[in-house]
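User: I have a two-chain model open and would like to go through it bit by bit. Can you help me read it?
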Amino acid sequence: KQEVTQIPAALSVPEGENLVLNCSFTDSAIYNLQWFRQDPGKGLTSLLLIQSSQREQTSGRLNASLDKSSGRSTLYIAASQPGDSATYLCAPRGGGGNKLTFGTGTQLKVEL
Amino acid sequence: GAGVSQSPSNKVTEKGKDVELRCDPISGHTALYWYRQSLGQGLEFLIYFQGNSAPDKSGLPSDRFSAERTGGSVSTLTIQRTQQEDSAVYLCASSLALTPGYTFGSGTRLTVV
């Protein structure tokens, strides 16, 4: 059974800081890994998708890396802004099934 | 449509009543998933449909929960004899195949009173 852990559970930073969110998963037999953000009371917005054969993906100020063999992924956010405040979820796909398995997320607050 | 559509967006029901939640996936997406998110909890997998294959129902919490997908498109999640612990946001997602990512709908917030 796939288990996903995200560290830290919560993070509060001043605007402009670069930060790293960590995700680890127990079953490395995955098809891909997706990072999402969730705003309070809202659904999930996909941020980045990394295929199992890839090492990283970049979109704007976001960069996600994947080390499949060690069961780790990181999400790097450059020059954080208050609008980045949200809960960030990582979700590997596969690992014994076709479903996404979610971590409990990192709740990020970027302060002015 | 352009995205995954879920209805209703909010549903308040009395304990013991049956409810139906609807998901309209992106056209052509063969995979459809239901998840739920209870207050302060992570997302919990419920059920997965892939094409014409038998659905993966391994996440359904009890036999009061069922889901169907008609014609490989629209899906309905039915909860019978609702209980207060069923209160949660129910999220639907779809994807084209194994490799592309998921697209989620905005969810149905179910409140059982």
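User: Where is A:P8 found?

Analyst: A:P8 sits in the loop between β1 (4–7) and β2 of chain A. Strands here are DSSP runs (E, at least two residues), and helices are runs of H or I with at least four, all numbered from the N terminus. This is a predicted model, where local features need pLDDT of at least 70, side-chain atom pairs count only at pLDDT 80 or more, and totals for chains, interfaces and linings use all residues. Residues are numbered from 1 along each chain as its sequence is written, chains are lettered from A and ligands numbered from 1 in the order in which they are written, and side-chain values use heavy atoms, with hydrogens and water left out.

User: What kind of peptide bond joins A:I7 and A:P8, cis or trans?

Analyst: Cis, with omega about 0°. In general, most peptide bonds are trans.

User: And which kind runs from B:S7 to B:P8?

Analyst: That bond is cis too, and its omega is near -10°. B:P8 lies in the loop between β1 and β2 (10–13) of chain B.

User: What about phi of A:A79, positive or negative?

Analyst: Positive: phi of A:A79 is near 45°, and the residue is not glycine. Most residues other than glycine have a negative phi. A:A79 is in the loop between β8 (72–77) and β9 of chain A.

User: Sheets next. What is the strand order of the open sheet in chain A?

Analyst: The order is β2-β10-β9-β4-β5, so 5 strands with mixed pairing, where two strands pair if DSSP finds at least two bridges between them. β2 (10–14) and β5 of chain A stand at the edges with a single partner strand each, so one side of each has no neighbour in the sheet. Neighbouring strands are turned by 25° against each other on average, direction ignored; the axes are lines fitted to C-alpha atoms (for helices, over the stretch in contact), and angles run from 0 to 180 degrees between N-to-C directions.

User: How many bridges join β2(A) and β10 of chain A?

Analyst: There are 5, and β2(A) pairs with β10 (residues 106–111) in the parallel sense. A:S12 has A:K109 in β10(A) as its bridge partner.

User: What does the open sheet in chain B look like?

Analyst: It has 4 strands in the order β1-β3-β7-β6, with antiparallel pairing. Its edge strands, β1 (5–7) and β6 (65–69) of chain B, each pair on one side only. β3 (residues 19–24) and β7 (residues 75–79) of chain B are joined by 5 bridges, and B:E20 stands opposite B:T78 in β7(B).

User: Now the interface. How many residues of chain A are in contact with chain B?

Analyst: 17 residues of chain A are in contact with 21 residues of chain B, contact meaning heavy atoms within 4.5 Å.

User: How many salt bridges are there across the interface of chain A and chain B?

Analyst: The rule, a side-chain nitrogen of Lys or Arg within 4 Å of a carboxyl oxygen of Asp or Glu, finds 0.

User: Which strands of chain A each supply at least two residues of the side that touches chain B?

Analyst: β4 (30–38), β5 (44–51) and β9 (86–94) of chain A. β4(A) gives the most, with 5 residues.
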